[in-house]
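The sequence and the model are shown first.

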Amino acid sequence: MDIRVGVDLVEIDRMQHAIETNERFLQRVLGDREREYYEAHGMRAESIAAAFAAKEAFSKAMGTGISGFSLGDVQVIHDELGCPHYEFSGRAASLVAEAGLQFSLSLTHTKTTAAAVAVAFKEDSH
């Protein structure tokens, strides 16, 4: 089995500052479904910071860094119980399909820091 891990930490104060001072930041970072979700849940900086960390963790697990895809193409979607998972579109979806990977995602935050761990795996075909 091929297993890859990516982890990232984001300071919530820095995320709050980016949201407040850069009107295009959220348009560049969030996909449509994410924006709808965060708007419905009060645009909380700690939640957006965790989503941003998830995008960085994804890029680390892929081994690509943040290049070759748009951040908005890697969306963090929450199921009815609040469990986060990735939804890929555009070039990110192509990269994931080409690599044959599946992902598991975990998010957390304190008052000051948000974190994400992305585990990418490909099951052996034999």
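## Overall fold

Along the sequence, the protein chain follows the pattern β-α-α-α-α-β-β-α-β-β. That comes to five helices and five strands; helices (H or I, at least four residues) and strands (E, at least two) are DSSP runs, numbered from the N terminus. The model is predicted: local features need pLDDT of at least 70, side-chain atom pairs count only at pLDDT 80 or more, and totals for chains, interfaces and linings use all residues. Residues are numbered from 1 along each chain as its sequence is written, and side-chain values use heavy atoms, with hydrogens and water left out.

The C-alpha trace of the protein chain spans about 50 × 30 × 25 Å along its principal axes. The radius of gyration of the protein chain is 14 Å, which agrees with the value near 14 Å for a compact globule of 126 residues. This radius is taken over C-alpha atoms, and the globule rule is 2.2 Å times the number of residues to the power 0.38. Of the 126 residues, 41% count as buried; buried means under 20% relative accessible area, exposed over 50%, and partly exposed in between (1.4 Å probe, protein chains only). Among contacts in the protein chain with a separation of 6 or more, 58% come from residues 24 or more positions apart, where contact means heavy atoms within 4.5 Å.

## The three-stranded sheet

Strands E1, E5 and E4 form an open sheet in the order E1-E5-E4, with antiparallel pairing. Two strands pair if DSSP finds at least two bridges between them. The edge strands, each pairing on one side only, are E1 (2–11) and E4 (102–109). From one strand to the next, the twist averages 15°. Angles run from 0 to 180 degrees between N-to-C directions, and axes are lines fitted to C-alpha atoms, for helices over the stretch in contact.

E4 and strand E5 (residues 113–122) run antiparallel and are joined by eight bridges. Gln 102 stands opposite Phe 121 in E5.

## Helix H1 on the sheet

Helix H1 (residues 12–21) packs on the sheet and touches E1, E4 and E5. The direction of H1 makes about 70° with that of E1.

Which residues of H1 are buried? They are Ile 12, Met 15, Ala 18 and Ile 19. These residues are on the same side of H1 because they cover an arc of only 120° around the axis; the arc is that of the directions from the helix axis to the C-beta atoms. The buried residues of H1 pack against E1, helix H2 (25–29), H4, E4 and E5. Exposed residues Asp 13, Arg 14, His 17, Glu 20 and Thr 21 are carried on the face of H1 turned away from its buried side.

## The E2–E3 hairpin

Strand E2 (residues 74–78) runs antiparallel to E3, and five bridges join them. The bridge partner of Gln 75 in E3 is Glu 87. E2 and E3 form a hairpin with five residues between them, and Gly 82 in the turn has a positive phi of about 90°.

## Salt bridges

The structure holds seven salt bridges, each defined as a side-chain nitrogen of Lys or Arg within 4 Å of a carboxyl oxygen of Asp or Glu. One of them joins the side chains of Asp 8 and Lys 60 (2.8 Å, N to O). This pair links distant parts of the chain, with Asp 8 in strand E1 and Lys 60 in helix H4 (residues 45–62), 52 residues apart. Asp 8 is buried, at a relative accessible area of 12%, whereas Lys 60 is partly exposed at 42%.

Glu 87 also forms a salt bridge, with Arg 33, and their closest N and O atoms are 2.4 Å apart. Glu 87 is in strand E3 (residues 84–88) and Arg 33 is in helix H3 (residues 32–40), 54 residues apart. Glu 87 is partly exposed at 27% relative accessibility, and Arg 33 is partly exposed at 42%. In the salt bridge of Arg 91 with Glu 98, the closest N and O atoms are 3.3 Å apart. Arg 91 is partly exposed at 39%, while Glu 98 is exposed at 59%.

## A positive phi in a loop

Met 43 lies in the loop between H3 and H4. Phi of Met 43 is near 50°, a positive value in a residue other than glycine. Most residues other than glycine have a negative phi. Met 43 counts as partly exposed, at 25% relative accessibility.
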